[in-house]
Amino acid sequence: MTQDDSSTDQGSLDRFRSDRRERAASGLMAVACLLLLAGAALLVLMLIKLAIPTLFADSEFLAYGRLRPAAMLMLVYGFGGTLTQAMAYYLTPRLVGARMPYERTALLGGLGYAGLVTLGVLVVLFRGPSGPELAEFPPLIDWPVAALLLLPAFMVSSMVRRRTEQGAFVSVLYVMGAVWWYPALHITGSIPGLVGVGPFLQTGLVAGGMLWLAFPAAALGGAYYVLVKESGRPLFSGPLARAGFWTLAGTALLATPTRFLGGPAPDWTETVAAAAAMGLVIAALAVLTNLGQTLSGDWETARRNLVIRYLMVGATAYAVVTVLTGLSGFRSVAAVVGLTTWHEGLMIGSALVAVPTLGIAFVFHVFPRITGRDLADEETAGRGLRLLTWGGGITAAAFLIAGLVSGITWNWASASGSRLNAGAGFSETFAEMDLMFTVGALASVVALVGIALMVWAAVGTYVSGTARPVEMLVPVEPRDDE
């Protein structure tokens, strides 16, 4: 259980001091915030490079083919993987009633993981990517990363096995899923030598699984926890939340061929992807419904609560992106938006807006409770949310519109015979999207400023701030006379 420690004699609690400090959770959250800023900066550079191809022409390490994998690795592995570990170490002891073992090992493992990911991203920038999408680390880094990803999986599983709570809040399911999905998908992407259709399926499975399953899972689980704690209300529907989790777990990987429909995918993947993509929609709507119904009747209080505002923006962005992804699985839609920048827009919406906003909401909820300091600058954090919402939203929309327009143009040109969709004809259509790329690049700079303000507020809380009661873990042990 937890309680606020504002006046308790600390001398009697020395043996619980490591739990009170929770260095693994707090330290890894601070590192995750910095990695989010680094990933967003790389993404902005990538978008600027796309809008102005001649920029950095003499710098090989700033080529688009290197900036894109570097940015996505930093966001999905760096920010997402590190924050997943921090969330797991914070949530699991509270929700299962078991003390976290080897906290120092967990902290060192998380820091080592973040360092390896950063090193891998630098290698991708200076030496080029290797492996399928979202698995482009060099082989010498692949397997150490896999080993460090397995550490939180085993630690969380150990705590769950020793649980004292009879039931399990839905957040435990999401955390357990996330800490196992990350190493499983990473190892799948590290398998070399696949031939024939293997590389296509490997790329689709790893990239789609990371982006739509492992990356958002812990953030969604944290959102349910923070919603209940910040609102002071019970969750509207636990069964709906669990249904959303199992639907996501069962269909996200099957929906991965969605982005390749109309390309080299085998025919059978069209039917599977279209059916499974609806599972992503169900999971997203479950989060949004629980958020709305839990807060129903008290929207004024919710509007004044910074953390809940973050949750609302993140859940809405996640729902919009996943609904559009689900629609992309239908053949009629894929015929227009397949193999266009439409899917880049969905990726940006998820990696730049939805998951970071949900993740930062969790950080802003947790940091004051385990550091004993109020949020450093709530006004700055609120301004950061507005800038990220508008900047990230416009960036994603620009690429969605570019994909839609280019798809319609190519289909019209093919049907009318006015333009050959190859060679110069392909380039002419793509050039018509330059305006959208420019708008997206400019808007991404606004989003980056918003993320910088968020990180400033989060890290400022971690290192300084006004003192407040600190939340600590208190073991519940049976009394001798019972």
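**Salt bridges, loops and a surface patch**

Hi everyone, let's start with a pair of side chains: Arg369 forms a salt bridge with Glu230, with 3.8 Å between the closest N and O atoms. By salt bridge I mean a side-chain nitrogen of Lys or Arg within 4 Å of a carboxyl oxygen of Asp or Glu. Arg369 sits in helix H13 (residues 342-371) and Glu230 in helix H7 (residues 198-231), so this pair ties together parts that are 139 residues apart in sequence. Helices here are DSSP runs of H or I with at least four residues, strands are runs of E with at least two, and the numbering starts from the N terminus. Both Arg369 and Glu230 are buried. Buried stands for under 20% relative accessible area, exposed for over 50%, and partly exposed for what lies in between, with a 1.4 Å probe and protein chains only.

A quick word on what you are looking at: this is a predicted model, where local features need pLDDT of at least 70 and side-chain atom pairs count only at pLDDT 80 or more, while totals for chains, interfaces and linings use all residues. Residues are numbered from 1 along each chain as its sequence is written, and side-chain values use heavy atoms, leaving out hydrogens and water.

Back to the salt bridges. How many are found in a search of the whole structure? There are eight. One of them joins Glu133 and Arg68, at 3.1 Å from N to O. Glu133 is in the loop between H4 and H5, and Arg68 is in helix H3, so the pair ties together parts 65 residues apart in sequence. Glu133 counts as buried because its relative accessible area is 17%, and Arg68 is buried too, at 13%.

Now for a pair within a single helix. Arg303 and Glu300 meet in a salt bridge of 2.7 Å, N to O. They both lie in helix H10 (residues 299-304), three residues apart, or about one turn of the helix. In an α-helix there are 3.6 residues a turn, so residues three or four places apart point the same way. Arg303 is partly exposed, with 49% relative accessible area, and Glu300 is partly exposed at 42%.

Next, some backbone. Most residues other than glycine have a negative phi. Tyr102 has a positive one, near 50 degrees, and is found in the loop between helix H3 (64-96) and helix H4 (103-127). Leu134 is not a glycine either, yet its phi is positive at about 60 degrees; this residue is in the loop between H4 and helix H5 (139-161). Buried or exposed? Tyr102 counts as exposed because its relative accessibility is 63%, whereas Leu134 is buried, at 3%.

Helix H9 (residues 268-295) has 28 residues and spans 42 Å from first C-alpha to last, close to the 40 Å expected at 1.5 Å a residue; that expected span is 1.5 Å times one less than the number of residues. Just after H9 comes Gly297, with a positive phi of about 90 degrees.

Last stop, the surface. Trp390, Ile394, Leu435 and Val439 form a nonpolar patch there, with about 420 Å² of accessible area together. Helix H14 (378-416) and helix H16 (434-463) are the elements that give two or more residues to this patch. Patch residues have over 30% relative accessible area and no salt bridge; nonpolar side chains (Val, Leu, Ile, Met, Phe, Trp, Tyr) are joined within 5 Å, and like charges within 9 Å. The areas come from the Shrake-Rupley method with a 1.4 Å probe, and for residues only the protein chains shown count as cover. Val439, in helix H16, is partly exposed at 31% relative accessibility.
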